[in-house]
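Dear colleague,

Please find below the structure that I am handing over to you, together with its sequence.

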Amino acid sequence: MTAPRLLEAAAARGWTIGVAESLTGGLVTATLVSVPGASKVLRGGVVAYATDLKAGLLGVDADLLAERGAVDEAVAAQMADGVRRATGADVGLATTGVAGPDPQDGQPPGVVFVAVSTPVASEVHRLDLAGDRPQIIGDAARGVIELASLLVSEALGEKTDSHPHSFPEVTDM
């Protein structure tokens, strides 16, 4: 399981974690909280489901939200940075996307952006997920935890072969 690995790697680095969630609605935070000892690392989570809360609570640029909508790689990156500020955490995780059944912001169900911001590196990945609403939400939560685990472990100098093939890096930010 990746959540314990993430928490262990963050603790070893002396880092804390904050989580900003939209489509996952608290599942990422709940997954981390379910691990014994999470309170040593997890600062908190913000569920900014409504678009205006992304700007108000997380500091996502309102013009960006108006221009591109909430389902966007730059929005995910700003959410991850914003939750670091809001919670005083070293590492910020963020999820935004479309769980379905209807499209949102011109994006079909299954389009998800996950972002992780650390003191060393930041990455945003687009996930193109399949399945029903619960499956997409669950896969998005697993995706951001996996990405965070990889980045925090790499920051510790642990060798990882590569990022998962199902999580291509978004480079057009």
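**Findings**

Serine 22 counts as buried because its relative accessibility is 6%; buried means under 20% relative accessible area, exposed over 50% and partly exposed in between, with a 1.4 Å probe and protein chains only. The structure is a predicted model, in which local features need pLDDT of at least 70 and side-chain atom pairs count only at pLDDT 80 or more, while totals for chains, interfaces and linings use all residues. Residues are numbered from 1 along each chain as its sequence is written, and side-chain values use heavy atoms, with hydrogens and water left out.

Serine 22 sits in the loop between β1 (17-21) and α2 (27-33); helices (H or I, at least four residues) and strands (E, at least two) are DSSP runs, numbered from the N terminus. Beyond its neighbours within four places in sequence, serine 22 is in contact (heavy atoms within 4.5 Å) with Ala48, Tyr49, Lys54, Met79, Thr95 and Thr96.

**The sheet**

Five strands form an open sheet with mixed pairing, in the order β2-β1-β3-β4-β5; two strands pair if DSSP finds at least two bridges between them. At the edges are β2 (42-47) and β5 (122-128), each of which pairs on one side only. Strand β4 (residues 111-117) pairs with β5 in the antiparallel sense over seven bridges, and phenylalanine 113 has arginine 126 in β5 as its bridge partner.

**Helix α6**

Of the 23 residues of α6, 17 are buried, so this helix is largely enclosed by the rest of the structure. Its N-terminal end is capped by aspartate 132, with a side-chain oxygen 3.0 Å from the backbone nitrogen of glutamine 135. After α6 comes glycine 157, whose phi is positive, near 90°.

**The nonpolar cores**

A nonpolar core is a set of buried Ala, Val, Leu, Ile, Met, Phe, Trp, Tyr and Cys residues joined through side-chain atoms within 4.5 Å. The largest has 34 residues, and those with the most contacts inside it are Leu6, Ile17, Val28, Leu32, Leu93, Val112 and Val116. The elements giving two or more residues to this core are α1 (2-13), β1, α2, β3, β4 and α6. Helix α6 gives the most, with eleven residues. Apart from this core lies another, of 22 residues, among them Val46, Val60, Val71 and Val111.

Yours sincerely

Note on methods
A polar contact is a pair of N or O atoms within 3.5 Å; within protein, one must be able to donate a hydrogen and the other to accept it, and residues adjacent in sequence count only if both atoms are side-chain atoms.
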